[in-house]
Amino acid sequence: MKGVRINETAAWQALATHHAALKERHLRALFAEDPGRAERFAAEGAGLFLDYSKNRITAETMRLLLALAEERDVAGRREAMFRGEKINETERRAVLHVALRAPRGTRIEVDGRDVVAEVHAVLDRMADFAREVRNGRWVGYKERPIRNIVNIGIGGSYLGPEMAARALGAFADPGLTFRFVSNVDGADFAAASAGLDPAETLFIVSSKTFTTLETMSNAATARRWIVESLGSEAAVARHFVAVSTNSKAVAEFGIDASRMFGFWDWVGGRYSMDSAIGLSTMIAIGPERFAEMLAGFHAMDEHFRSASPARNLPLLLGLLTVWYNNFFGAETLGIMPYAAPLARFPAYLQQLQMESNGKHVALDGGPVAWQTGPIIWGEPGTDGQHSFFQLLHQGTKLVPCDLIGFCEPLSPFAHQHDLLMANLFAQAEALAFGKTAEELEREGSPAFQTPFRVTEGNRPTNVILADRLDPRTLGSLVALYEHSVFTQGVIWSIDSFDQWGVELGKVLAGRIIPELATDAVPVAGHDSSTRALIARYRHRRGR
């Protein structure tokens, strides 16, 4: 809805008035007044269960938030996305990550072309190649099977595949090793290639344009490593594949065109882990398991599209983020997966949320007058409990948290899984209700310690539960957050699918690179601080 200042709308003003009346209410009182609260504020869909009862909300809060979603036409914008309309307005592109997991035979058109058919053509080629690698038919230059797969990318071309490799390790082929390179620091490549036999190593170079500075720098290093180790330029074609759309640059690199897997300009990098960017994931878990992951994505897509607003998980999650971000002034959102394999999930969501909704301009081109995307951060439980949970419980900042857990363990150590989940439930309870001075005194706390041991509670959490962490569940979980991000962006009237803020640093780095390469290049056009830093680097680098 262009031209509408959302903080001046009736729904926004009603929420502001409601917040003023509710903000001092404690979760202890809200639960005491409503014995059915846990059942009322829960929803389920696509294999995920959401308990949002430990939020500082009432039934009236949710009525007003849902009214805001209706006023902002989240449903209409959602349908425009699913139809393939160009809702990425600043780049005039469709936004169709939902097409990446649409079942075969579904029809979604962009500029008159059925994109779902194109998606499945690429998926079929990926599946054929993944099977060749997994069964040993794809051999390297020395006629040896591939045992090591190294994904080279950055941003969405790296975070999604790396996160999935960790998350789905229990389902991966144990005879294959997977590593990931993203940072332009040569130490990253050195660490990823350490101990690998070049004759058994395959590189997947993921860059839509095949010009991304960091990715192509690492790809060039990998190419030299292969050629020097195996003694021939011809080795490149057996040890590299590309995920790209630039066939000319791919061919010039030495990669066979038949081993280039493409994707489309309507797929943003941070929404691409279920596209050809997920080739390493498919090799790891196999095409059939990859299809299960796509089915999980699609199940959440369908839930988002068809569930009633009051039972719609992504809508509810997005609205609660708006509630804390814009009315309580909470500037961060903690993501705490109680599952060691999801260690990289918070980092994945950092890009998904912060690159999508870190915007200061509304769709009408004017500056926003409200806070947009929160800062996303987190670590797995129980690790975080022994580092930063002190601040969550007794600090002065309000930090809403999502706690994610699974009912079934992937390991054989069931007793440890019970301990893990006991911690999840306990932390949600402690954050909500805390412990009063009176309770401490009844427990015999020394009087001089009591003020320091009080935890006031009233810290909001969502608890997300699934049966187990498998490919289908991972797909549902990622899609849940994708559509929550979408909901927030519609409410805030911003374009969640561009990322112009990333460009400036790239341009400036391009200017500085030649100034660092040789002292003969004059340093010009920078501020005094940058000039001094470049001069110091030149003097101290020792080359």
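**View 1. Overall fold of the predicted chain.** The chain folds into 22 helices and 13 strands (DSSP runs numbered from the N terminus: H or I of at least four residues for helices, E of at least two for strands). This is a predicted model, in which local features need pLDDT of at least 70, side-chain atom pairs count only at pLDDT 80 or more, and totals for chains, interfaces and linings use all residues. Residues are numbered from 1 along each chain as its sequence is written, and side-chain values use heavy atoms, leaving out hydrogens and water.

**View 2. Dimensions of the C-alpha trace.** Along its principal axes the trace spans about 75 × 60 × 60 Å. The radius of gyration is 25 Å; a compact globule of 543 residues would have one near 24 Å, so the two agree. The radius is taken over C-alpha atoms, and the globule rule is 2.2 Å times the number of residues to the power 0.38.

**View 3. The largest nonpolar core.** This core has 121 residues. Such a core is a set of buried Ala, Val, Leu, Ile, Met, Phe, Trp, Tyr and Cys residues joined through side-chain atoms within 4.5 Å; buried means under 20% relative accessible area with a 1.4 Å probe, protein chains only. W266, I283, F345, L474 and Y481 have the most contacts inside it.

**View 4. Surroundings of L474.** Beyond neighbours within four places in sequence, L474 contacts M163, A164, A167, L168, M273, M293, L342 and L469 (contact: heavy atoms within 4.5 Å).

**View 5. A second core.** A separate core holds 26 residues, including A199, V250, I255 and M260. Of the chain's 543 residues, 53% are buried.

Definitions and conventions. Buried < 20%, exposed > 50% of the residue type's maximum accessible area, 1.4 Å probe, protein only.
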